[in-house]
Amino acid sequence: MSKRNIRFFNTTGPCNPDDHYMLPPKERLVGAQLDRYIGDKLYWVLHAPRQTGKTTFLQSWMREINSACVSDGAEPVSCYVSVESCQGISDPERAMRNIYRSICDFATLFEVPVPQVEEADIESLMRTTLIKWSELVAPRPLVVLFDEVDVLQGEPLISFLRQLRGGFAGRGVGKFPISIVLVGMRDLKDYITASKGGIPPNPGSPFNIKSDSASLSNFHKDDIARLFAQRTAENGQQITAEALDYIYEQSIGQPWIVNSLLQRATMRILDRNSTETVTIDHIQEARKQMIQARETHLDALGERLRDQRIRRVIQTIITGETNLAMSQTSPDVELAMDLGLVRWDTQTGFTISNPIYEEIMTRYLDAPYHDNLPPPSTWHWAKPDGTLDMDALLKEFQGFWQSNSEVWEQSSDYPEAFPHLLLMAFLQRVTNGSGRIEREYAAGRGRMDLAVEYQGSWNIIEIKLLRQGKSFENLMAEGIRQTLGYRDSFSPALRSRNGAPVGCYLIIFDRRAEKPAWGERLKWIDGADVTVVGC
């Protein structure tokens, strides 16, 4: 295949299906049966986080509907319409005229009959447009797929919904669209509630259909394999099972991440026309490049972390502490999950959605500390052979913590997670370029676990917080058990480069309101298996 015609993996924006490897749209929809929504003339909501393939899904489904057999003239006509042009518009009149222009533009683009409305007041423009459009495509029923609906807020959103509700009861062939899907990042009821000053939607509203809301699923392992199999069928390139497993492990099937890793591995790290087998080494390099490039989708995660509602959730997950106010139905958690930042399952509870998001969020949060730390050349942290001396590095950290933590914490946006973030920034300054840090944390675990690799050698670090009412000795005993358990679960066979066991460290930060003097707080206890560090 020529470079100009090379195909890409499943993307998360508008695309030509002839240029992309894709999965059939019906295979990614959760909580919905597409044919039923049309057959039962339902108005419904599709919500999923950014960059999960909503636009690709909608346009693919539109083409599938419009290419169906029309022997009896009863098959629907479908059109995708984005209302993104209404971003930031608070005036209902401007918003409705923008939506009307978008309808005409997208109908023209997708070669669907274009409705023309010459006279209509602003309170009926949308309803009149959809009536005219339905008449124009009759005797075929009309299905409209409205994307980016969450850019509408306040009065424009209420006006838009009111006009759709006005035609809902009379929907039918030649009268009004038989089915409409409203698509955004969150369930529409959340935006209606916000637009009405916190008042929930009227139960009689055709959009108050939480039970009929749908979401796009992440890719499963088999989906990723099937996507790559399309490339294999075209140019013979293979991918190892180990590489596929690593893609899923790092992405948890998040479509944008899967797409980015595969594109980088096959079109940047390898030549785009290469038939060389893609290995885990190629994917690991792709991961490294993707994080360093700070692409727009990943960089946008940082802005989300400024939201106080998100902060409350993420801070609890980082510290690993239990917060009984956190549940899947609490507003803060619902927002974090709808935005794709957090997931919950029976094994881990609440945790960051995938390891790559975890890495990006951590780097964003510890960046102020990382960028203002003294250069590593001023610390003692390396052995004569150039390997990492973790004992020396953590003693340097203890000194820095004593001298700077109280002042630095005053400017922290995530004060409860400050010890974790400062330690990770400290470690990152040393490991950059020659090592990596793997993290494991989740709400309710009571700890954060780190695995630090440097030039082939590994060290395990567990972080725990000493709170009021707990004793250092009891927390230390609990932490030692957990540290050894993490070491064994991380990789029982893992050994450092010289064959010695992995270094294990338990770091306990005193977070009590009434702390002892520094001389008592700073501890260094060499144990048989675990070194305990008090800060």
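**View 1. The whole protein and its accessible surface.** The accessible surface of this predicted model comes to about 23,600 Å², with areas taken from the Shrake-Rupley method using a 1.4 Å probe and, for residues, only the protein chains shown counting as cover. Carbon and sulfur atoms hold 47% of that surface. Of the 535 residues, 54% are buried, where buried means under 20% relative accessible area, exposed means over 50%, and partly exposed lies in between (1.4 Å probe, protein chains only). The fold contains 18 helices and 14 strands; these are DSSP runs numbered from the N terminus, helices being H or I with at least four residues and strands E with at least two. Among contacts with a separation of 6 or more, 70% link residues 24 or more positions apart, a contact being heavy atoms within 4.5 Å. As the model is predicted, local features need pLDDT of at least 70 and side-chain atom pairs count only at pLDDT 80 or more, while totals for chains, interfaces and linings use all residues. Residues are numbered from 1 along each chain as its sequence is written, and side-chain values use heavy atoms, with hydrogens and water left out.

**View 2. A four-stranded parallel sheet.** Here you can follow an open sheet in the order S2-S5-S4-S3, with parallel pairing; two strands pair if DSSP finds at least two bridges between them. Strands S2 (43–47) and S3 (77–82) stand at the edges with a single partner strand each, so one side of each has no neighbour in the sheet. On average, neighbouring strands are turned by 15 degrees against each other, direction ignored; axes are lines fitted to C-alpha atoms, for helices over the stretch in contact, and angles run from 0 to 180 degrees between N-to-C directions. Five bridges pair S2 with S5 (residues 179–184) in the parallel sense, and His-47 has Gly-184 in S5 as its bridge partner. Helix H2 (residues 54–66) packs on the sheet, where it touches S2, S3, S4 (142–147) and S5, and its direction makes about 160 degrees with that of S3. Helix H4 (residues 125–137) also packs on the sheet, touching S3, S4 and S5, with its direction at about 135 degrees to that of S4.

View 3. Helix H12 (residues 308–319) has 12 residues and reaches 16 Å from its first C-alpha to its last. That is close to the 16 Å expected at 1.5 Å a residue, the expected span being 1.5 Å times one less than the number of residues. Look for the buried residues of H12, including Ile-310, Val-313, Ile-314 and Ile-317. Just after the helix, Gly-320 takes a positive phi of about 75 degrees.

View 4. Cys-86 counts as buried, at 0% relative accessibility, and Cys-504 counts as buried at 4%. The structure holds zero disulfides, a disulfide being a pair of cysteine sulfur atoms within 2.5 Å.

**View 5. Asn-218 in its loop.** Asn-218 sits in the loop between strand S6 (215–216) and helix H7 (221–235). With a relative accessible area of 31%, Asn-218 is partly exposed. Leaving aside neighbours within four places in sequence, Asn-218 is in contact with Asp-223, Ile-252, Gly-253, Gln-254 and Pro-255. Trp-256 lies 38 residues away along the chain, and its C-alpha is separated from that of Asn-218 by 9.7 Å.

**View 6. The six-stranded sheet around S14.** This open sheet has the order S9-S10-S11-S12-S14-S13, and its pairing is mixed. Strand S9 (435–441) and S13 stand at the edges, each with a single partner strand, so one side of each is left without a neighbour in the sheet. Neighbouring strands are turned by 20 degrees against each other on average, direction ignored. Helix H15 (residues 390–409) packs on this sheet, touching S10 (448–454), S11 (457–466), S12, S13 and S14, and its direction makes about 10 degrees with that of S12. S12 (residues 503–510) runs parallel to S14, joined by four bridges, and Ile-508 has Gly-534 as its bridge partner in S14. S13 (residues 523–526) pairs with S14 in the antiparallel sense over four bridges, and a hairpin joins S13 to S14 through four residues. Both faces of S14 (residues 531–534) are covered: Thr-531 and Val-533 on one side, and Val-532 and Gly-534 on the other, are all buried.

**View 7. Arg-481 on helix H17.** Arg-481 belongs to helix H17 (residues 472–490) and counts as exposed at 57% relative accessibility. Val-530 is 49 residues from Arg-481 in sequence, with 9.4 Å between their C-alpha atoms.
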